[in-house]
Amino acid sequence: MADEMRVESAAPSAPEVAYEWIKRYIVELPREKDAFLNEVSLAKATETSRTPVREALLRLESEGMLRRIPRKGAYVPPISDDDVRVLMDARSLVETWAADVGGEAIRAEMTGLRRIVEEQRAASGDTARFIELDIEFHSRMVRLARNPLLTEFYDSLRQRQLRVGVRAVSHGADRPGGVLREHAEILDAIERGEGSAAAIEAHLRSTLVAAIAP
């Protein structure tokens, strides 16, 4: 009986089920496409009801993944090539700064960061999960630089990073392997105490090329 109760308590709630389903749908939506999401259709797709779907949409809106438009539904905007370039410029500024300022703290957390790279390697067959881990890898280094304002700004880029990242690693069978190599090169450079900016910029250039390739 106790084991059954533990299993039941571990089951995700209806809002969580709806949230995960909708988030994955948005992440896997081609980044150049937009979409309107209807509560009734989402309730059917997620096998829940409109109330948990509404809760999930509110949560996703707070995370910047969509905009709720009265009488029209939830809108997921497209991400243009120019948007991708602007995103990579913003990431370059924050990530190279973080690697420089937070180098000592990052070196102290090197084991955990290398573990994320290995988790990514294991998730290479699950594009959405691979990109979630990719964002965690970069976000952790930004957090270690201990500037709350820049961390908040960087976190606001998450929605774009998810969709752009999925597009980038889906372009060519070798891109996930390239990401893993580039992450290892970034960590090696930080550990040496030199070359981290060049490694980060090379990684972002490769991501940009993959993300905007036809």
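Tutor: A helix's expected span is 1.5 Å times one less than its number of residues. Keep in mind that this is a predicted model.

Student: OK, so what should helix H8 span, and what is the distance between its end C-alpha atoms?

Tutor: H8 covers residues 127-144, which is 18 residues, so it should span 26 Å. Its end C-alpha atoms are 26 Å apart, which agrees.

Student: Is H8 mostly covered or mostly uncovered?

Tutor: Mostly covered, since 13 of the 18 residues in H8 are buried.

Student: What follows H8?

Tutor: Arg146 follows H8, and the phi of Arg146 is positive, near 60°.

Student: Changing topic. How many helices and strands are in the protein?

Tutor: The secondary structure comes to 12 helices and 3 strands. The radius of gyration is 19 Å, close to the 17 Å that the globule rule gives for 214 residues, so the protein is as compact as a globular protein of that length.

Student: What box do the C-alpha atoms fill?

Tutor: Roughly 55 × 50 × 35 Å, along the principal axes.

Student: And how much of the whole protein is buried?

Tutor: Buried residues are 43% of the 214. As for the surface, the protein exposes about 11500 Å², and carbon and sulfur atoms supply 52% of that area.

Student: What about contacts between residues at least 6 apart in sequence?

Tutor: Of those contacts, 73% join residues at least 24 apart.

Student: Last one, charges. How many positive and negative side chains are there?

Tutor: There are 31 positive and 36 negative side chains. The centres of the two sets lie 4 Å apart.

Methods
Residues are numbered from 1 along each chain as its sequence is written. This is a predicted model: local features need pLDDT of at least 70, side-chain atom pairs count only at pLDDT 80 or more; totals for chains, interfaces and linings use all residues. Side-chain values use heavy atoms; hydrogens and water are left out. Helices (H or I, at least four residues) and strands (E, at least two) are DSSP runs, numbered from the N terminus. The radius of gyration is taken over C-alpha atoms; the globule rule is 2.2 Å times the number of residues to the power 0.38. Buried means under 20% relative accessible area, exposed over 50%, partly exposed in between (1.4 Å probe, protein chains only). Contact means heavy atoms within 4.5 Å. Accessible areas come from the Shrake-Rupley method with a 1.4 Å probe; for residues, only the protein chains shown count as cover. Lys and Arg count as positive and Asp and Glu as negative; His and the chain ends are not counted. The place of a charge is taken as NZ of Lys, CZ of Arg, CG of Asp or CD of Glu.
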